[in-house]
Amino acid sequence: MAEGRDRGSEVKARAQDLGLLLLRAGSSLSLLLLFAPLKIHDAIAFLHTGAWRFVDFNRKVGLPLPVAVAFLQTVNESLVALLLALGVFGRAPAALLGVSFVAATLASARAHEDVFAPGAYALVFLSLALTGPGGVSLDAALASWRRRGSR
Amino acid sequence: MSRADVSFLVLRLGFLAAASLLAGLPQAKAEASFRGAPGLLLGALVLLLAAGALGRLPAALLAAVALGTCLQGAWAGEDFLERPARALEGSILLGSLALSGPGRLTVGEAWRRFRREP
């Protein structure tokens, strides 16, 4: 009986880990594949031309350091999203992305633009900052590898 | 109650808030799939999901609807970064809720606890 209960909670934990993997990898890879390439392309073009619509948008909504914010968000949506997809550095990548997308939601609201897309990302990343990367992550794999090594 | 339970509650309620706001938009009101019986069914599924009722079923059904919307938009040649991308995001969120289940912060669990400790 107790064994059956243990097995049940193990299956539940495994399902939860798989759910977190889908949420983590799905949301960060969608950022990385759908939005990051365009931002990286525009960032490189900005270095040559000095024109970037994202910087103009940041100026329009009154964000401080609009160029730095644009580059920071590009790093967030590429490198930090990749770290989150892999599940390294614990909650930090999710928290960083969560905070940046809360700012993006507020900026979009200020500019009277669509708040649903950045709002949904903020919700997902803040939830992931609460849960951590889960059991199916590079962090968990490294931890179990270290445990095995110390035995 | 664990952090994961709080996180799943945040996701479910966040989805309810987003769906309620979206349903109020004129574009949504104009869409046939949000009116009449299909609209009512979708609304009921969103409410069941937010309440955490019927386990994984509401999330799984809504994930299938979102994925269908994404594929339909992509097939029809819509700009993928607009509606299909949002539907894909929704299907990822809902699919993860369908996999992990609603957690322990649900209306059913609260009712069971209330019955146990009146």
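Contact, in this talk, means heavy atoms within 4.5 Å. Keep that in mind for the residue lists. The model on screen is predicted.

Let's start in chain A, with two helices. Helix α4(A) covers residues 92-110, and helix α5(A) covers residues 116-131. Which residues meet between α4(A) and α5(A)? On the α4(A) side we have A94(A), A95(A), L97(A), G98(A), V99(A), F101(A), V102(A), A104(A), T105(A) and S108(A). On the α5(A) side they face P118(A), G119(A), Y121(A), A122(A), F125(A), L126(A), L128(A) and A129(A). By class, that contact holds 14 nonpolar residues, four polar ones and no charged ones.

Now the geometry. Two packed helices are described by the angle between their axes and the distance between the axes. For α4(A) and α5(A), the angle is about 155° and the axes are 8 Å apart. Angles over 145 degrees count as roughly antiparallel, so α4(A) and α5(A) fall in that class. Their crossing is left-handed.

Stay with α5(A), and cross to chain B. Helix α1(B), residues 3-23, has its axis within 8 Å of the α5(A) axis. The two cross at roughly 170°. That makes this pair roughly antiparallel as well. From α5(A), the contact uses F116(A), L123(A), V124(A), S127(A), L130(A) and T131(A). From α1(B), the partners include R3(B), V6(B), V10(B), F15(B) and L22(B). The class count here is 12 nonpolar, four polar and one charged.

Next, the interface as a whole. The size of an interface is often given as the accessible area lost when the parts come together. How much do chain B and chain A bury between them? About 2,100 Å², with 76% of it on carbon and sulfur atoms. Chain B puts 25 residues into the contact, and chain A puts in 21.

What about charge pairs? Side chains of opposite charge can pair when their charged atoms come close. Over all chains, the search returns seven salt bridges. How many salt bridges does the rule find across the interface of chain B and chain A? One. R86(B) and D114(A) meet in a salt bridge through their side chains, at 3.0 Å from N to O.

Here is another salt bridge, within chain A. The side chains of D56(A) and R59(A) pair at 3.8 Å, N to O. Both sit in helix α2(A), residues 53-60. They are three residues apart in that helix, so about one helical turn separates them.

Last stop, chain B by itself. Chain B has six helices and zero strands. From the N terminus, the order reads α-α-α-α-α-α. The C-alpha trace of chain B spans about 55 × 25 × 20 Å along its principal axes.

One helix pair in there is worth a look. Helix α3(B) runs over residues 36-51, and helix α4(B) over residues 57-75. They pack at about 135°, with axes 9 Å apart. That angle makes α3(B) and α4(B) oblique to each other. α3(B) passes α4(B) in a left-handed crossing. L42(B), L45(B), V46(B), L48(B) and L49(B) make the contact from α3(B). From α4(B) come P58(B), A59(B), L61(B), L62(B) and V65(B). The tally is 10 nonpolar residues, no polar and no charged.

That's the tour. Questions, please.

Notes:
Residues are numbered from 1 along each chain as its sequence is written. Chains are lettered from A and ligands numbered from 1 in the order in which they are written. This is a predicted model: local features need pLDDT of at least 70, side-chain atom pairs count only at pLDDT 80 or more; totals for chains, interfaces and linings use all residues. Side-chain values use heavy atoms; hydrogens and water are left out. Axes are lines fitted to C-alpha atoms, for helices over the stretch in contact, and angles run from 0 to 180 degrees between N-to-C directions. Helices (H or I, at least four residues) and strands (E, at least two) are DSSP runs, numbered from the N terminus. Angles under 35 degrees count as roughly parallel, over 145 as roughly antiparallel, 65 to 115 as roughly perpendicular and the rest as oblique. A crossing is left-handed if the near helix is turned anticlockwise from the far one by less than a right angle, and right-handed if clockwise. Ala, Val, Leu, Ile, Met, Phe, Trp, Tyr, Cys and Pro count as nonpolar, Asp, Glu, Lys and Arg as charged, and the others, Gly among them, as polar. Buried area is the accessible area (1.4 Å probe) that two parts lose on being put together, summed over both. A salt bridge is a side-chain nitrogen of Lys or Arg within 4 Å of a carboxyl oxygen of Asp or Glu.
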